[in-house]
Amino acid sequence: MTAAWMFKNLREEIDSIIARDPAARSRTEVALAYPGFHAVLLHRLAHSLWGRDFRLLARFLSNIGRWVSGADIHPGAVIGRRFFMDHAVGIVIGETAEIGDDVTLYQNVTLGGVSPSVDSASQVNRKRHPTIRNRVIIGSGAQILGPITVGEGARIGANAVVVKDVPPGVTMVGVAARQLPPKECRTDFVAYGTPTGDLSDPVARALETLAREVSTLSRRIAELEQKEADAEAGRKAVGPEEDRIEFAGPPPGVRRRP
């Protein structure tokens with residue numbers, strides 16, 4: 001690993017942050033004042049030590065990274081190039097997590113296991129954390145749990161809870177997370193992973209549709225009841241059927257009594 005290679009990759013990391021954060025004004029500002037950048041640097045060093053079996057030293061260094069940045073990244077996690085943690089505070093990335101290139105995480109995101117405290121001995125050296133493919137954006141407070149895969153270019157909305165595989169290029173929102181219709185998914189960079197504008201929840205749309213159908217049925221029932229009431233009122237106004245029979249006189253051949 002040459003100094004030129006390290007410098008090139010550091011510059012690439014910084015430039016990727018500037019491209020995604022309008023608050024970043026210069027490379028110097030990012031290098032000195034961005035805790036997410038510091039956390040990534042410390043993680044890459046800790047991960048290198050972890051791979052060389054300096055496990056205790058790697059954990060100690062990752063703990064320093066947590067003090068410095070507020071992000072808790074296990075040194076065993078695999079993180080790709082141009083990784084950006086905006087704000088970084090509260091981010092937790094588990095040991096067996098795998099993150100691709102150009103991934104963006106916002107504050108308080110968890111890439112965690114489903115049940116780490118249940119029979120933990122049997123989970124050692126097993127995949128327990130998510131795999132995040134390239135160009136994924138995960139909004140603040142989102143929880144990605146278990147050995148699932150989030151497909152390339154997917155968007156996870158703020159505070160979503162994802163426990164199942166996510167297809168590439170879709171947007172997930174809600175608890176538990178549900179997929180938005182394709183027309184509401186975007187492929188460009190969307191801060192916090194959530195499209196802006198008229199964002200509708202799938203369950204809310206279903207409830208609205210159900211409410212409209214119930215309203216239509218209620219109106220139809222009211223119309224039928226009104227027609228039945230009008231018909232009944234008409235029958236009462238005319239009187240019983242036998243009262244409406246006119247007497248036309250005795251049958252032929254029968255004389256009327258005087």
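# Close-up views of a predicted model

**View 1. The largest cavity and its lining.** Ala-39, Leu-42, His-43, Leu-61, Ser-62, Gly-65, Arg-66, Ser-69, Ala-71 and Ile-73 line the largest cavity. This is a predicted model, in which local features need pLDDT of at least 70, side-chain atom pairs count only at pLDDT 80 or more, and totals for chains, interfaces and linings use all residues. Residues are numbered from 1 along each chain as its sequence is written, and side-chain values use heavy atoms, with hydrogens and water left out. On a 1 Å grid over the protein atoms alone, a cavity is a set of points where a 1.4 Å probe fits but cannot get out; lining residues have an atom within 4 Å of a point. The count comes to 1 cavity of 30 Å³ or more. The largest cavity holds about 60 Å³ of space. A volume here is the space filled by probe spheres set on the grid points, which are joined across faces, edges and corners. Helices α3 and α4 are the elements that give two or more residues to the lining of the largest cavity. Helices (H or I, at least four residues) and strands (E, at least two) are DSSP runs, numbered from the N terminus. α4 gives the most to this lining, with 5 residues. By class, the lining of the largest cavity has 5 nonpolar, 4 polar and 1 charged residues. Ala, Val, Leu, Ile, Met, Phe, Trp, Tyr, Cys and Pro count as nonpolar; Asp, Glu, Lys and Arg count as charged; the others, Gly among them, count as polar.

**View 2. The second largest pocket.** A pocket is an open set of points with protein on both sides within 12 Å along at least five of seven lines. The second largest pocket has a volume of about 160 Å³. Its lining has 14 residues, and Arg-59, Asp-72, Ile-73, His-74 and Ile-93 lie nearest its centre. Two or more lining residues come from each of α4 (55-69), β1, β4 and β7. α4 gives the most to the lining of the second largest pocket, with 4 residues. This lining divides into 4 nonpolar, 6 polar and 4 charged residues.

**View 3. The sheet of 5 strands.** This open sheet has the order β1-β4-β7-β10-β13, with parallel pairing. β1 (72-73) and β13 (161-162) stand at the edges, each with a single partner strand, so one side of each has no neighbour in the sheet. Two strands pair if DSSP finds at least two bridges between them. Strands β4 (residues 92-93) and β7 (residues 110-112) pair in the parallel sense over 2 bridges. The bridge partner of Ile-93 in β7 is Leu-111.

**View 4. The sheet of 4 strands.** Here the order is β2-β5-β8-β11, in an open sheet with parallel pairing. The edges are β2 (78-79) and β11 (149-150); each has a single partner strand, so one side of each is left without a neighbour in the sheet. β2 and strand β5 (residues 98-99) run parallel, joined by 2 bridges. Ile-79 has Ile-99 as its bridge partner in β5.

View 5. A salt bridge is a side-chain nitrogen of Lys or Arg within 4 Å of a carboxyl oxygen of Asp or Glu. The whole structure has 11 salt bridges. One of them joins Arg-44 to Glu-13, with the closest N and O atoms 2.7 Å apart. Arg-44 sits in helix α3 (residues 35-51) and Glu-13 in helix α1 (residues 3-20), 31 residues apart. Buried means under 20% relative accessible area, exposed over 50%, and partly exposed in between (1.4 Å probe, protein chains only). Arg-44 is partly exposed at 29%, and Glu-13 is buried at 7%. A salt bridge also links Arg-27 and Asp-15 (2.8 Å, N to O). Arg-27 lies in helix α2 (residues 27-33) and Asp-15 in helix α1, so the pair ties together parts that are 12 residues apart in sequence. Arg-27 is partly exposed at 43%; Asp-15 is partly exposed at 30%.

View 6. The side chains of Asp-53 and Arg-55 form a salt bridge (3.3 Å, N to O). Asp-53 is exposed at 56% relative accessible area, and Arg-55 is partly exposed at 38%.
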